[in-house]
Amino acid sequence: MFRPRPSVVRRDSGLYAYERALARRGLTPIAGVDEAGRGACAGPLVVAAVVLRREIQGLADSKLLTAAVRSELHEQIMASAEVGVVVIPPTEIDARGLHKCNIAGMRRAVARLSFVPEYILTDGFPVPGLPAPSLAVWKGDQIAACVAAASIVAKVTRDRMMTELSSVFPEYGFDEHKGYVTPAHRRALRAHGPCPHHRFSFVTVSRTFVGEWSGGRSCLIRLEDRDERRGSREVRNRDGAAAIPRIP
C-alpha cells in the first residue's frame, strides 16, 4: 500500500501551515473544532466546527483577542465559512459530565456542517467517532487557523448568551465574568445561592450549597448553616417555602 511521506509542520510556520500541509496531500476541506466555557461554573458549553473557505487576516486564539476584534472576526467567519455550533446546557453537563459532553459536542458540531470534511483538527485532545481522519493539536487555537476560527465562534456565541442571561439574573454579573470563577462570582454565590444556569456538579457551586432544584425554585441550604439546621425537620428556602434538602 502506498503511504505518502509525512509532513513536518513547524509550530512557528504560521497559522495556516497545518491547512496548507494537509491540502498538499489532497486532504481538503479541513474542519477545526474548539469549545468555549469548559472551565466556567455557570452557563452552557458551546462547541463550534469551522471550515474556512478563504484566509482571514487577524485570526488568533480567541482568548488573546479583545472583545471588539473577536466580534469583527466572528462576523467575517460567519459570512465566509461553513460553521456548525452546538450549545450544551448546564443540566446536561451535570448529568453526563463535562468531558463526555465536550467529546459529544465536538462530534455534534461537525455533524452540523453541511458536508463531511476530508480532515478534522481538534483542539487539545483526540475525539473518537468523527466522520473523517482527525488530529488533536495541542494549543490548536494558537497554531491552526480553522481551530482559531472555531474558538472565536464558540467564545463570541457563548459570551453573547451570558450577557443576555445577565439581564435575567443581574445579581451574578454574568456579563462581566461570563460564568467563570472570580471573587465577585463567589461572593454572589454566597449571597444569592446558585441559579438554574449554574453547574451543580462543579465544586465551586456544590461547596457553597447542598440540596436540589425543584420546579425552578431553590431548595438549598448554605453549608455554614447546615449544622445549625441538621436537627430541624423543616427548612425554609430563599422564597420562604418549606423545603427538605438533601444533606449528606
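# A tour of the predicted model

Residues 24 or more positions apart account for 57% of the contacts in the protein with a separation of 6 or more. The structure on screen is a predicted model. Colour it by secondary structure to begin: the protein has 10 helices and nine strands. Of its 248 residues, 48% count as buried.

**Stop 1: helix 2 and helix 6**

Hide the surface and turn to the charged pairs. A search of the whole structure finds nine salt bridges. Select aspartate 159 and arginine 70, whose side chains meet in one with an N to O distance of 3.7 Å. This pair links distant parts of the chain, as aspartate 159 belongs to helix 6 (residues 145–168) and arginine 70 to helix 2 (residues 67–80), 89 residues apart. Are the two partners buried or exposed? Aspartate 159 counts as buried because its relative accessibility is 12%. Arginine 70 also counts as buried, at 9% relative accessibility.

Arginine 160 is partly exposed, with a relative accessible area of 37%, and glutamate 75 is partly exposed at 43%.

**Stop 2: helix 3**

Now select arginine 96 and glutamate 92. Their side chains meet in a salt bridge at 3.3 Å, N to O. Both residues lie in helix 3 (residues 90–96), and because they are four residues apart, about one helical turn separates them. Arginine 96 has a relative accessible area of 41%, so it is partly exposed.

**Stop 3: a charged network**

Select Asp61, Lys63 and Asp141 together. A network of salt bridges links these residues.

**Stop 4: backbone exceptions**

Show the backbone for the next three selections. Most residues other than glycine have a negative phi, and most peptide bonds are trans. Start with threonine 28 and proline 29: the peptide bond from the former to the latter is cis, with omega near 10°. Proline 29 is placed in the loop between helix 1 (17–24) and strand 1 (30–36).

Move to lysine 139, which is not a glycine but has a positive phi of about 55°. Lysine 139 sits in the loop between strand 5 (134–137) and helix 5 (140–143). The residue counts as partly exposed because its relative accessibility is 35%.

Then select lysine 178, another residue that is not a glycine, with a positive phi of about 60°. The loop that holds lysine 178 runs between helix 7 (174–177) and helix 8 (183–192). Is lysine 178 buried or exposed? With a relative accessible area of 16%, lysine 178 is buried, the cut-off being under 20%.

**Stop 5: a positive patch**

Bring the surface back and select Arg186, Arg187, Arg190 and Arg207. These residues gather in a patch of positive charge on the surface. Centre on arginine 207, found in the loop between helix 9 (203–206) and strand 6 (209–214). Arginine 207 is exposed because its relative accessible area is 54%, and exposed means over 50%.

Key: Residues are numbered from 1 along each chain as its sequence is written. This is a predicted model: local features need pLDDT of at least 70, side-chain atom pairs count only at pLDDT 80 or more; totals for chains, interfaces and linings use all residues. Side-chain values use heavy atoms; hydrogens and water are left out. Helices (H or I, at least four residues) and strands (E, at least two) are DSSP runs, numbered from the N terminus. Buried means under 20% relative accessible area, exposed over 50%, partly exposed in between (1.4 Å probe, protein chains only). Patches are made of residues with over 30% relative accessible area and no salt bridge: like charges are joined within 9 Å, nonpolar side chains (Val, Leu, Ile, Met, Phe, Trp, Tyr) within 5 Å. Accessible areas come from the Shrake-Rupley method with a 1.4 Å probe; for residues, only the protein chains shown count as cover. A salt bridge is a side-chain nitrogen of Lys or Arg within 4 Å of a carboxyl oxygen of Asp or Glu. Lys and Arg count as positive and Asp and Glu as negative; His and the chain ends are not counted. The place of a charge is taken as NZ of Lys, CZ of Arg, CG of Asp or CD of Glu. Contact means heavy atoms within 4.5 Å.
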